[in-house]
2 protein chains.
Amino acid sequence: MIVEVLAVGTELLIGQIVNGNAATIGRRLAEEGHDAHHQAVVGDNVGRIAEAITIGLSRADAVIITGGLGPTQDDLTREGICLATGRPMELVQDAADRLRDRFGRLGRSMPESNLRQAERPEGAEFLPNPKGTAPGIVLRHGQRWIFALPGVPEEMEALLETEVLPRLRSGEGGVVKSKLIRTWGSSESMVAELLDDLYGSTNPSIAFLASSGEIKVRITAKASTEADANGMIEPIERSVRERLGARVFGVDQETIEAIVLALLADRGWRLAIAESATGGLIAARITSVPGSSKVFRGGAVTYATDLKATVLGVPADVMEREGVVSEATARAMAEGAAERFGAEVGVSVTGSAGPDPQEREPGTMIIGVHTPNGTQARTMRFPGDRERVRTYATTAALHLLRLGVTGVWW
Amino acid sequence: MIVEVLAVGTELLIGQIVNGNAATIGRRLAEEGHDAHHQAVVGDNVGRIAEAITIGLSRADAVIITGGLGPTQDDLTREGICLATGRPMELVQDAADRLRDRFGRLGRSMPESNLRQAERPEGAEFLPNPKGTAPGIVLRHGQRWIFALPGVPEEMEALLETEVLPRLRSGEGGVVKSKLIRTWGSSESMVAELLDDLYGSTNPSIAFLASSGEIKVRITAKASTEADANGMIEPIERSVRERLGARVFGVDQETIEAIVLALLADRGWRLAIAESATGGLIAARITSVPGSSKVFRGGAVTYATDLKATVLGVPADVMEREGVVSEATARAMAEGAAERFGAEVGVSVTGSAGPDPQEREPGTMIIGVHTPNGTQARTMRFPGDRERVRTYATTAALHLLRLGVTGVWW
């Protein structure tokens, strides 16, 4: 199926934001086997929105629009669809009532302008938005599809996966299946080297994606049935796992934080966290998982040095002798967190995130892990700016925690 | 001048890379006072490149093309310009000799395909590329400009600044200036309603952008000089500030975390944080600011109820009587954090992030703020899933901290 992507928003034209939505949609369309020949961007102007939709309908089977669905006067995607398709706008009373209820439950009265979000072109359906107030819209216009999705990336992605791609899939023969094998601990080029002879294959094909220090290997197969595609992926996955060993920590949408919580729960172990340079990022990742309270007891962000002693019980003479940014301090922080917060397992980070050095060169981050089997620490160096160093160190801490809990590290 | 931006490259359509070039060019065009109504992306297909150029020439004074200038068979921008303008291709002998020299100096012989980089549409000029081998191209076609720039961002930017913008400037007077007024505490529709009568104005114009509960108001003015543009923005900004009052917390790229740290530093106050449902996100935001260690002492993530008593000193009978998710507990957490972590100011969050309720309905988040002037708590309700609730509550906590520190809340 040929699909055109149209982004609406003056902020895109003047470069206040980058059009990441188009890349996300393009990637997913390619994975699903659709063809994308054009992307377009127009501002908050109803005439130009309608014109772009008309052009898209003339050369594609489906047009996916992002943005312009909010409640304000410059949100004009709904009007643009009406103008391009010659359809009147209709107010959906049910949707208006739900909006009013939603505001009511939050103890606020609804500005009248919000009623625009209960309007849609005649013949369209709403796509319920699980992550925001602006519903998406789908309209079957002749033999074409028009989809309108919110511009907020997480809302767009949710509707793309649950509402748009399944509808487009129904019109195609054959299936494309992908499986992501998630790894940590080696560079992209090292993973690529280990898998070099698998790389040339076109069906199944393999590709590499890197983010925050994790390398994902994507295996994609095209076949006439889902079972056939899965059967083609399976031997390649086995081969990838054999070569990458303990680097592989999960598949598809599994996250290291969910995996490490599950490993802890299996063992009946509880978790405490002691952070300095990562400043709460590890705890934030752990608590992003629903149900994390079954395993996670709590944590301390001991930014000031004296708090490492008073809150975590790190001996002052250890910090004096070895340094605050040292493996000895990291070990004492992990042990102290477990003891003071009533957990079997503790993970800690102390380091220098930059831009100014703190004892050690910026980018030096030391991770400690304590389990009932012992305590270890590892010094790592991360390139890049403060945010990059903190993010990579957080991911590394979660992975070393996994290796410590599963006994691979010792 | 109306300028259209066209990016060429299949890798953009399938989302392997994000179209950052379009954002860079859009931002620079806006700063220079040009109008951008459309951006487009097409793949490495000569017919579609030519068609996109033809459409661009029909509605803009200039078309800036990025990508497709390399030496390989799928670099088709030169051919696309010829097809769109009905001009033959010419080989420029000088340029061919320079390319051969360049390879010779590197001790390599030139593949014949590289000669394509010495070709240009008849009537065009080369734009020398200081950072790579592919020269840019400029063509004056009737009353229109066509520019073709390399896709590599740093090469594109160099030619944009030195060759493209000066040529466009010669035909234009004037500048465009924008100012972002950042607000928190009201919905986008409420802010829009308060500024309703300012909205109709076209120069200066105003627009709204929403993210994580913050609403930004963008004021944009076109004038013949920067001073004139600033002079036009100033009374609108004053009017926006009068109507929105304490909702306004900053301008342009200022963040609430940097602002609240500056307010604390001004007063010589230090900060401690006690988090439950936000699980470290507030501390992570605060410590994302370089130099935050001057103000931030530390924090506790007390996920387990008993740790609220042992680590923060929240009286067990208060939690028993009022509930763990209660304003009394939030106040005691903020006070306990300040006391135990040696700070004048404490901020706390206790709540139910979902999906399962914890005492209160998911989305209920209670924020406490303690300063030398007293202690307050506020119960808030946030819609959406767990991550959204946590993110919005984190932003709200930083804003209530600002209101507490500046004495607006009391």
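Six bridges tie strand E15 to strand E16 (residues 364-371) in chain A, and the two run antiparallel; strands here are DSSP runs of E, at least two residues long, while helices are runs of H or I with at least four, both numbered from the N terminus. Two strands count as paired if DSSP finds at least two bridges between them. Within this pairing, A:Gly346 sits opposite A:His370 of E16(A). All of this describes a predicted model, in which local features need pLDDT of at least 70 and side-chain atom pairs count only at pLDDT 80 or more, whereas totals for chains, interfaces and linings use all residues. Residues are numbered from 1 along each chain as its sequence is written, with chains lettered from A and ligands numbered from 1 in the order in which they are written.

E15(A) also pairs with strand E13 (residues 271-275) of chain A, this time in the parallel sense and over five bridges. There, A:Ile273 has A:Val347 as its bridge partner. As for burial, seven of the seven residues in E15(A) (345-351) are buried, a label given when 20 or more other C-beta atoms lie within 10 Å of a residue's own; 12 or fewer makes it exposed, anything in between partly exposed, and C-beta atoms are placed from the backbone. Both faces of the strand are covered, with A:Val345, A:Val347, A:Val349 and A:Gly351 on one side and A:Gly346, A:Ser348 and A:Thr350 on the other.

Elsewhere in chain A, an open four-stranded sheet runs in the order E10-E11-E9-E12 with antiparallel pairing. Its edges are E10 (205-211) and E12 (248-251), each pairing on one side only. From one strand to the next the twist averages 25°, using lines fitted to C-alpha atoms as axes (for helices, over the stretch in contact) and angles from 0 to 180 degrees between N-to-C directions. E10(A) and E11(A) (residues 214-223) are joined antiparallel by seven bridges, and A:Ser211 stands opposite A:Glu214.

Now for the two chains together. Their contact takes 61 residues from chain A and 59 from chain B, where contact means C-beta atoms, placed from the backbone, within 7 Å. On the chain B side, the elements supplying at least two residues each include helix H2 (20-31), strand E2 (38-42) and helix H15 (386-405). That side splits into 30 nonpolar, 19 polar and 10 charged residues, with Ala, Val, Leu, Ile, Met, Phe, Trp, Tyr, Cys and Pro as nonpolar, Asp, Glu, Lys and Arg as charged, and the others, Gly among them, as polar. Strand E2 (residues 38-42) of chain A pairs antiparallel with E2(B) over five bridges, and A:Val42 stands opposite B:His38.

The largest nonpolar core holds 115 residues, and those touching the most other members are A:Ala337, A:Ile367, A:Ala397, B:Ala337, B:Ile367 and B:Ala397. Such a core is a set of buried Ala, Val, Leu, Ile, Met, Phe, Trp, Tyr and Cys residues joined through C-beta atoms within 7 Å. Apart from it lies another core, of 95 residues, among them A:Ile25, A:Ala84, B:Ile53 and B:Leu57.

Chain A as a whole comes to 14 helices and 17 strands, and its C-alpha atoms fill a box of roughly 80 × 55 × 40 Å along the principal axes. Buried residues make up 49% of its 410 residues.

Technical notes
Two residues are in contact if their C-beta atoms, placed from the backbone, lie within 7 Å.
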